[in-house]
Amino acid sequence: MLSQIARSARSGLALNTKGPIRLAKHIRPFATVEGNTPRVQPTPSRRRATPKSHDRATFTIRDGPIFSGKSFGAASNISGEAVFTTSLVGYPESLTDPSYRGQILVFTQPLIGNYGIPSATRDEYGLFRYFESPNLQAAGVVVADVAEQYSHWTAVKSLGEWCAEEGVPVVSGVDTRAIVTYLREQGSSLARITIGEEYDADQDEAFVDPEQINLVRKVSTKAPFHVSSATGDYHVAVIDCGVKENILRSLVSRGASVTAFPYDYPIHKVAHHFDGVFISNGPGDPTHCQDTVYHLRRLMESSQIPVMGICLGHQLLALAAGARTIKLKYGNRAHNIPALDRTTGRCHITSQNHGYAVDSSTLPSEWKEYFVNLNDHSNEGLIHQSRPIFGTQFHPEAKGGPMDSAYLFDMYLENVSRYHKSQAIFQPERENRPSPLLVDLLSKERVGVVPTTGMENLLRMGGAGQETAKAASAA
């Protein structure tokens, strides 16, 4: 196992030095579109950071309305998919969530930034205490009003200062009620933020569609990394599709040391060295991750190991089982969405962030629906009829709350414990605890992940700018 992981780590550090890659149109047979249904924080790169801007800002929805406001973030022009969240709190966690990669996040909460941005303190596991990843992940931010003056005992800077350092533009002073009404009626749409320029309709071709890009490749670690737990004997393999810090914390705090692998790592080849496999959250269309789906299918065919997936991980698990996924009209992004447990009849208030969902009608007979969304009746979970495999569309770890469904991690660790004990009986010589040498060799945080540049910082608009952005996104 050590030699396999070490080889992966060495190869994962190599950078792609090939020239620009143009996006090729290809068929992704699993996807359908649903109709109109009801850690010290790294120093920001100098290339990306800009002075805090208070210039005129324009938020433009493709083939839709144009909103003029004021900039209070980076002086950068970007393009992405416009989505909205109704969360009232937790904006530092939301903006650092890798699942928001490539998206312009519109907050329905009228005032954002009043408690500032906390410090990059790490906890006893070496994980960021207040952030879900080392960098700001959203391509851009849109709010009705921003608090330039903040007040909180953990705060060290303002939201505007943070966004400027991270190279992310922010628009304030716009009618977010009108924006959200449009997105609810028309669905998630391509949009653009322009700083200090008048809108030019001739530049509409500069919109970049993140759905045509494998965003998981951008946020996944490029080589394995390890997070140790001092309180237990279990060892879990995490498939990193953009894993949140609190997912890792939820595992190691319950006694499971974690080794995280790149999203396309052939996990079925090393699963016998672990007590469980976990598939993380992540951004974009799940059907871009065909290698991951294939490896998961091979894993379930060859091993009885417990498996759990969250968000994108849940969708990839469903694809590996033979089901299909659909794109929702405007997705679910909030901290207060009710999900019904079909096995107990109990309702849980959940945190969610996704634009795709599993089509439960396509689940094979050995699987059943676990949770269902009580707002739009979309699928929120699946569970195998006889094996310790399940997934949830919502986030039971929910750093910004609520914690109603955190017990699912306990359920997963119970599965891991049973598997660990059964393997100890049939293979008494088996040792799954990571060796000290392996722990020393592997990085303690994700490797080679490049910060967001807003799909991808369209500094030159127009046709040439679009080709530049597409090439950068495909690389």
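Colleague: How many aromatic pairs does a search of the whole structure find?
Modeller: The model is predicted, and side-chain atom pairs count only at pLDDT 80 or more. With the whole structure searched, the number of aromatic pairs is 12.

Colleague: Is the aromatic pair of Y91 and Y115 stacked, edge-to-face or tilted?
Modeller: The ring centres of Y91 and Y115 are 4.5 Å apart, and their planes make an angle of 40°.

Colleague: Is Y91 buried or exposed?
Modeller: Buried means under 20% relative accessible area. Y91 has a relative accessibility of 2%, so Y91 counts as buried.

Colleague: What kind of aromatic pair do F371 and F394 form?
Modeller: F371 is in strand 21 (residues 371-373), while F394 is in the loop between strand 23 (389-392) and helix 9 (407-426), 23 residues apart. Both residues are buried. Their ring centres are 4.9 Å apart. With 85° between the planes, the pair is edge-to-face.

Colleague: Which residues form one aromatic cluster with F371 and F394?
Modeller: F371 and F394 form an aromatic pair. The cluster that holds F371 and F394 also contains Y370 and F390.

Colleague: Which ring does the charged end of R122 sit over?
Modeller: The distance from the charged end of R122 to the ring centre is 4.3 Å. In another such arrangement, the charged end of R192 sits over the ring of F207, 5.0 Å from its centre. For R122, the ring is that of F128.

Colleague: Which side chain makes a polar contact with the side chain of S133?
Modeller: S133 is in the loop between strand 7 and strand 8 (140-142), and at 1% relative accessibility it counts as buried. A polar atom of its side chain lies 3.0 Å from the backbone oxygen of N135. The side-chain partner, at 3.0 Å, is Q137.

Colleague: Which residues does S133 contact, leaving aside its neighbours within four places in sequence?
Modeller: Contact means heavy atoms within 4.5 Å. With those neighbours left aside, the residues in contact with S133 are T96, P98, F128, E245 and R446.

Colleague: What is the length of the polar contact that joins the side chains of N135 and E166?
Modeller: N135 is in the loop between strand 7 and strand 8, and at 11% relative accessibility it counts as buried. N135 and E166 are 31 residues apart along the chain, with their C-alpha atoms separated by 7.3 Å. E166 is among the residues that N135 touches, as are L95, T96 and P451. The polar contact between the two side chains is 3.4 Å.

Colleague: Which element gives the largest share of the lining of the largest cavity?
Modeller: The largest cavity holds about 200 Å³ of space. Its lining has 20 residues, and Q103, P283, G284, G355 and Y356 lie nearest its centre. Helix 8 (312-321), strand 18 (324-341) and strand 19 (347-359) each supply at least two lining residues. The largest share, four residues, comes from strand 19.

Note on methods. Residues numbered from 1 in each chain as written. Predicted model: local features only at pLDDT ≥ 70, side-chain atom pairs only at ≥ 80, totals over all residues. Heavy atoms only, no water. Phe/Tyr/Trp six-rings, centres within 6.5 Å; stacked < 30°, edge-to-face > 60°. Buried < 20%, exposed > 50% of the residue type's maximum accessible area, 1.4 Å probe, protein only. Lys NZ or Arg CZ within 6 Å of the ring centre and 35° of its normal. Polar contact = N/O pair within 3.5 Å; in protein donor to acceptor, adjacent residues only side chain to side chain. 1 Å grid on protein atoms, 1.4 Å probe; cavity = no way out; pocket = protein on both sides within 12 Å on 5 of 7 lines; lining within 4 Å. Points joined across faces, edges and corners; volume = space filled by probe spheres on them.
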